[in-house]
Amino acid sequence: MQFISIDKPQYRKRLNVLLISLVASLTILSLAFGGLLIEFFGSDTVIKGESTGHFHLNLIGVFLAVVSCSLVMNAIKTKPYMKEIYWVWQVKQLQNHIYRKLNKVIAAASENDVKALTILLYYYHSQKKIYELDNNTLTMGKVDSDISRTETQIASLNLVITLDDFSSSLIDEIQ
């Protein structure tokens, strides 16, 4: 996955709008679906001091709201407004995939495996990019030292590895 240029203030604004819209939609749809289900399928008699017995209908309402929001998110994820948000989401998924194999990748990189070095270079640079976008400056020093160490190792082996050399299929090739 290639790196793209992201305008950080615009990304943050769009992400905040998306998150607020998603939370508001989930809340409103949960209440609406729950109310409709109670209206059509709920019992009319309520005994004072006891449960209404509508928990399962409210739970179904929440489930329907989650499904509805998921369908909408799936439909809009490729729209231009969502380009940066969707790219970050995909990169975070890729980072998670790499992280699950990180010990094997690091072990292979210590043996100068070119594929592992390519994965590490991409992983550390993608971490830096995401951390900058998310204002996560606490671990930036470690990421910078990891990038420097990986680039030094690549240079000492007289290799030329760029971020464009990375492919997600490399991850599965590491044993």
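Predicted model: local features only at pLDDT ≥ 70, side-chain atom pairs only at ≥ 80, totals over all residues.
## Packing of α4 and α5

Helix α4 spans residues 102–110, and α5 spans residues 114–133. The two pack at an angle of about 125°, with their axes 8 Å apart. That angle makes α4 oblique to α5. The crossing of α4 past α5 is left-handed.

On the α4 side, the contact is made by Leu102, Val105, Ile106, Ala108 and Ala109. On the α5 side, Ala116, Leu117, Ile119, Leu120, Tyr123 and Tyr124 take part. By class, this contact has 11 nonpolar residues, with no polar and no charged ones.

## Thr118 in α5

Thr118 also lies in α5. Its relative accessible area is 5%, so Thr118 is buried, the cut-off being under 20%. A polar atom of the Thr118 side chain lies 2.8 Å from the backbone oxygen of Val114.

Leaving aside residues up to four places away in sequence, Thr118 touches Ile161, Asp165, Phe166 and Leu170.

## Two asparagines with positive phi

Asn112 is found in the loop between α4 and α5. Phi of Asn112 is near 65°, a positive value in a residue other than glycine. With a relative accessible area of 37%, Asn112 is partly exposed.

Asn158 sits in the loop between α6 (140–156) and α7 (169–173). Asn158 is not a glycine either, yet has a positive phi of about 55°. Asn158 counts as exposed because its relative accessibility is 71%, and exposed means over 50%.

Conventions:
Residues numbered from 1 in each chain as written. Heavy atoms only, no water. Helix = DSSP H or I, 4+ residues; strand = E, 2+ residues; numbered from the N terminus. Buried < 20%, exposed > 50% of the residue type's maximum accessible area, 1.4 Å probe, protein only. Polar contact = N/O pair within 3.5 Å; in protein donor to acceptor, adjacent residues only side chain to side chain. Contact = heavy atoms within 4.5 Å. Axes fitted to C-alpha atoms, helices over the stretch in contact; angles between N-to-C directions. Parallel < 35°, antiparallel > 145°, perpendicular 65-115°, else oblique. Left-handed = near helix turned anticlockwise from the far one by under 90°. Nonpolar A, V, L, I, M, F, W, Y, C, P; charged D, E, K, R; others polar.
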